[in-house]
Amino acid sequence: MKTFSIFYLVLLIFPVAGITQGGKKKLTHQQSRPKNIILLIGDGMGTAQIFAGLTANKGWLNLEQCSFVGFHKNQSADNYITDSGAGATAFSTGKKAKNGAIGVDALDKPFPTILELAAKHHLATGLVVSCSITHATPAAFIAHQPSRTMTEAIANDFLKTPIDVFIGGGKKYFNQRKDGKNLCDSLLKKGYAVTNTLSEVVKINSGKLAGFIDTAEPPRVTAGRGDQLLKSLQTALKILQKNKKGFFLMLEGSQIDWGGHANDSAYVIDEMIDFDKAMGEAIAFAKKDKNTLIIITADHETGGLALTGGDMKKGLVQMKFITKEHTAVMIPVFTYGPMASTFSGIYENTDLFKKMKNAFNF
Ligand code: MG
Ligand code: ZN
């Protein structure tokens with residue numbers, strides 16, 4: 001009998017999920033909305049890439065700390081196999097685009113991105129990548145162009161949104177342009193700190209940051225990029241968390257895909273583990289902050305990778321690629337934090353946008 005009375009007492013004290021009171025939906029603690037969202041995209045990161053990294057890391061990755069797993073179907077508007085432009089556009093706008101398109105729907109009509117919506121709602125916004133900042137994945141969150149190859153037009157679009165922080169390579173698309181414009185001057189006029197190297201980036205603690213770390217594409221992690229992704233994330237978090245309303249940050253482990261295209265096992269593993277360090281940092285931030293939703297996924301798989309042998313204790317893995325291109329398989333979505341459970345299940349890649357918009361209550 002005692003258990004029954006305690007049970008009813010618990011019911012009286014804690015509001016029940018989804019109960020409607022005066023027309024407003026009451027949310028329990030577990031379902032409370034996140035103040036911040038960190039979306040982490042491993043370009044070309046399918047389950048085999050993840051497990052190759054996990055094996056090389058002797059049996060564990062940071063992403064295993066996530067609480068929920070879902071899968072997304074990533075076919076683009078015009079192809080069974082997506083590219084990174086259409087893949088990221090699905091996440092950023094909720095629209096299926098043609099391969100190669102950036103921030104537009106299948107008819108090349110522009111749609112606001114989750115980053116632009118966050119900025120409109122006075123949240124801080126950021127993009128951190130290990131490629132050029134105008135590359136397809138980051139571009140899809142801030143630019144609206146029919147083709148990913150229009151890198152100078154994409155660079156122009158960075159000046160149309162009040163983004164707080166962006167860190168990556170590709171400075172030449174801003175200051176060595178065919179049209180003769182110097183967008184770095186325009187960024188300075190808008191109050192951005194404009195950098196050339198990572199050591200300059202990490203010194204910035206507040207304000208707006210155009211964090212260039214390279215004129216073109218940064219090298220692979222083992223060829224001199226080092227801990228750029230981790231340090232860039234730490235810098236971005238330091239600046240973005242100063243906004244009391246919250247923030248949206250997209251971080252990309254950009255070169256897992258390039259390792260796949262090159263059918264280079266070591267390249268895939270090194271980039272996978274580099275990306276996992278960033279995931280660990282993001283999850284640690286969310287654990288401390290308690291108001292941050294972490295979403296980890298990929299746009300598509302690259303290489304048709306299979307793991308044909310390995311030794312978890314020795315951290316050895318044998319890998320075989322069947323193509324130098326992308327493949328069509330479903331991609332996992334790992335989540336942690338407030339509303340993480342709403343990302344479980346199997347859905348279209350465009351639903352990621354809807355789920356993030358719902359989590360932010362936009
Ligand atoms: Mg990419
Ligand atoms: Zn690719």
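**Exercise 1.** In this predicted model, find the bridge partner of Phe71 in S15, then describe how the strands around it pair.

*Solution.* 
Step 1. Phe71 has Pro332 as its bridge partner in S15.
Step 2. Strand S4 (residues 68-73) runs antiparallel to strand S15 (residues 331-336), with five bridges.
Step 3. Turn to S16. S4 also pairs with strand S16 (residues 345-348), here in the parallel sense over four bridges.
Step 4. Pick one bridge from that pairing. Gly70 is partnered by Gly345 in S16.

**Exercise 2.** Which residues coordinate the magnesium ion (ligand 1), and where do they sit in the chain?

*Solution.* 
Step 1. List the donors. They are Asp43 (OD), Thr137 (OG1) and Glu252 (OE), at 2.0 to 2.2 Å.
Step 2. Read the spacing in sequence: D-x93-T-x114-E.
Step 3. Thr137 is in helix H5 (residues 136-139) and Glu252 in strand S9 (residues 247-253), 115 residues apart.
Step 4. Locate Asp43. It lies in the loop between strand S3 (36-42) and helix H2 (47-56).

**Exercise 3.** Is Asp43 buried or exposed, and what is its nearest side chain of opposite charge?

*Solution.* 
Step 1. Asp43 is buried. Thr137 and Glu252 are buried too.
Step 2. Arg148 is the nearest side chain of opposite charge, 6.5 Å away. A salt bridge needs 4 Å or less, so Asp43 has none.
Step 3. Check its contacts beyond four places in sequence. Among them are Ser84, Asp257, Asp299 and His300.

**Exercise 4.** Over which residues does pLDDT stay under 50?

*Solution.* 
Step 1. The chain average is 93, and 91% of the residues score at least 70.
Step 2. Residues 1-24 stay under 50.
Step 3. Where pLDDT is low, predicted coordinates should not be read in detail.

Technical notes: Residues are numbered from 1 along each chain as its sequence is written. Chains are lettered from A and ligands numbered from 1 in the order in which they are written. This is a predicted model: local features need pLDDT of at least 70, side-chain atom pairs count only at pLDDT 80 or more; totals for chains, interfaces and linings use all residues. Side-chain values use heavy atoms; hydrogens and water are left out. Donors are N, O and S atoms within 2.8 Å of the metal (3.2 Å for Na, K and Ca); water is not among the atoms, so sites may look incomplete. Helices (H or I, at least four residues) and strands (E, at least two) are DSSP runs, numbered from the N terminus. Buried means under 20% relative accessible area, exposed over 50%, partly exposed in between (1.4 Å probe, protein chains only). pLDDT is the predictor's confidence in each residue, from 0 to 100. Contact means heavy atoms within 4.5 Å. Lys and Arg count as positive and Asp and Glu as negative; His and the chain ends are not counted. Two strands pair if DSSP finds at least two bridges between them.
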